[in-house]
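Good morning, and thank you for coming. Today I shall walk through one protein chain and its secondary structure elements, and I ask you to keep the model in view as I speak.

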Amino acid sequence: MDPDFNSDLKLMRLANAFQVSCAMHAAARLELGKYLNPTGSTVNDLAELTGTQARRLGALLGFLAQLEVVAELEPGIYGSTNLTDRLHLVDNIAQGPEGLAAWTGLEQALRTGRTPFEAVHGESFYDYAAKQSEQSRRWNAWNSNASKAMAPAMAAAVELQGDETVVDIGGGEGFVLAELLTLHPKCRGVLFELTSATGHVHPILLEEPNQVVEGNALEGLPSLGNVYLLCRVLVNCDDEAAELLLSHCAQALRPGHRLMVFEPLLPEPGDPLRNAQAASDLNLFVLWGGGQRTRGELLDLFRRAGLPEARELPRTSVGITGFEMRLD
Ligand SMILES: C[S@@+](CC[C@H](N)C(=O)[O-])C[C@H]1O[C@@H](n2cnc3c(N)ncnc32)[C@H](O)[C@@H]1O
């Protein structure tokens, strides 16, 4: 093959992108965020604080400065940026070394269809998370930050009369539900979640008994209210699990009850926006065996699960689309 320096350089940069992830993981585990400050420290001081070799730590800091994760204030003096304080957050099961290891199983998984996280770690993401390691605690916190940011838009999209009992299935630490209860103070809220995610639930859900119910919706769902929510839960499920979970929702519904499902929709094939979602879509497969679904794929899942006909709600400002299914 003829030499083509520019193409080789581009290929090398792309193939070496793992170096960015590994540098971030090392920086997070060395707790650089704790030791760097806005006024700056020498590499030698930072090496002493982190118990590392100054020469190599200097190279890591230089690399991180290129990425704007830290700032080189003067030659050999490094300070914090607005990313540094938050650096430890990425040491979680999804973005940390566990997630990276799962991605190394991608090629094999494309052949077998088996979820890479399970193939690499020997158990599912949620079973791994249930061990309550520091990395799983940080994952819940990361998820909650996303939930907090989306909660006002999500709560505004849930149409309520104001006196219902709302059951948020897989509601994380309860931020969407808390926002709903603030908007509709006469409603009651029940968070139905895996035990691994209920360690630090929103305080509003601890004000009354039985507002937090630990359980696995894949094993069954008790009738706990009259409006059921599933926000961004199906993306983390393969088709079989998603259908099972939805069929448990269908069984829990009584006449007059509703299920509202909120999901990011995968653009249709040919839509120029579809490729922009591809990395996130693959990541959902690598970690959970899930993925985003098109409108048609979701409606098909609802039908297969035996749910009443779905009414599509307007897309929320955070890019999530809702579907409402009411049992007459
Ligand atoms: C992406 S988070 C969404 C959290 C929240 N609904 C939101 O929109 O902010 C998915 C949540 O689903 C929960 N989950 C996944 N499978 C579940 C199951 N089988 N039963 C109950 N909860 C589940 C996870 O623990 C996680 O908190």
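**Strands, helices and their contacts**

Let me begin with strand S9, residues 310-312, which is joined to S10 by 3 bridges, the two strands running antiparallel. Within this pairing, Glu312 stands opposite Phe323 in S10. Please bear in mind throughout that what you see is a predicted model.

S10 itself covers residues 321-326, and strand S8, residues 258-263, is joined to S10 by 6 bridges, again in an antiparallel arrangement. Here Phe262 faces Gly322 in S10. For those new to the subject, strands of a sheet pair through backbone hydrogen bonds, either parallel or antiparallel.

Let me now step back to the whole chain. It has 328 residues, of which 35% count as buried. Its secondary structure amounts to 14 helices and 10 strands. Taken along the principal axes, the C-alpha atoms fill a box of roughly 70 × 55 × 35 Å. Among contacts with a separation of 6 or more, 63% are between residues 24 or more positions apart.

I turn next to another sheet. In what order do the strands of the open sheet of 3 strands lie? The order is S1-S3-S2, and the pairing is antiparallel. Strand S1, residues 41-42, and strand S2, residues 70-74, stand at the edges; each has a single partner strand, so one side of each is left without a neighbour in the sheet. Between S1 and strand S3, residues 77-80, there are 2 bridges.

Helix H5, residues 54-66, lies across S2 and S3, and runs at about 105 degrees to S2. H5 also meets helix H2, residues 18-29: their axes come within 10 Å and cross at roughly 115 degrees. The crossing of H2 past H5 is left-handed. Which residues make the contact between H2 and H5? From H2 come Ala23, Ala26 and Ala27, and from H5 come Leu60, Phe63 and Leu64. By class, this contact has 6 nonpolar residues, no polar and no charged ones.

H10 passes H11 in a right-handed crossing. On the H10 side, the contact is made by Ser144, Ser147, Lys148, Ala151, Pro152, Met154 and Ala155; on the H11 side, by Phe175, Val176, Glu179, Leu180 and Leu183. These residues divide into 8 nonpolar, 2 polar and 2 charged.

Is H11 mostly covered or mostly open? H11 is mostly covered, with 7 of its 9 residues buried. The buried residues are Phe175, Val176, Leu177, Ala178, Glu179, Leu180 and Leu181.

We come now to the ligand. There are 17 residues around the ligand, and those that come nearest are Ser147, Gly170, Gly172, Ala217 and Cys231. The shell around the ligand is made up of 8 nonpolar, 7 polar and 2 charged residues.

Asn210 has a positive phi of about 60 degrees although it is not a glycine. Arg232, likewise not a glycine, has a positive phi of about 55 degrees. Asn210 is found in the loop between S5 and strand S6, residues 212-214, while Arg232 is found in the loop between S7 and helix H12, residues 239-252.

Why does Arg232 count as buried? Arg232 has 20 C-beta neighbours inside 10 Å, and therefore counts as buried. Asn210 has 8 other C-beta atoms within 10 Å, and so is exposed.

Definitions and conventions. Residues numbered from 1 in each chain as written. Predicted model: local features only at pLDDT ≥ 70, side-chain atom pairs only at ≥ 80, totals over all residues. Left-handed = near helix turned anticlockwise from the far one by under 90°. Helix = DSSP H or I, 4+ residues; strand = E, 2+ residues; numbered from the N terminus. Contact = placed C-beta atoms within 7 Å. Nonpolar A, V, L, I, M, F, W, Y, C, P; charged D, E, K, R; others polar. Buried ≥ 20, exposed ≤ 12 C-beta atoms within 10 Å, placed from the backbone. Pairing = 2+ DSSP bridges. Axes fitted to C-alpha atoms, helices over the stretch in contact; angles between N-to-C directions. Near = placed C-beta within 6 Å.
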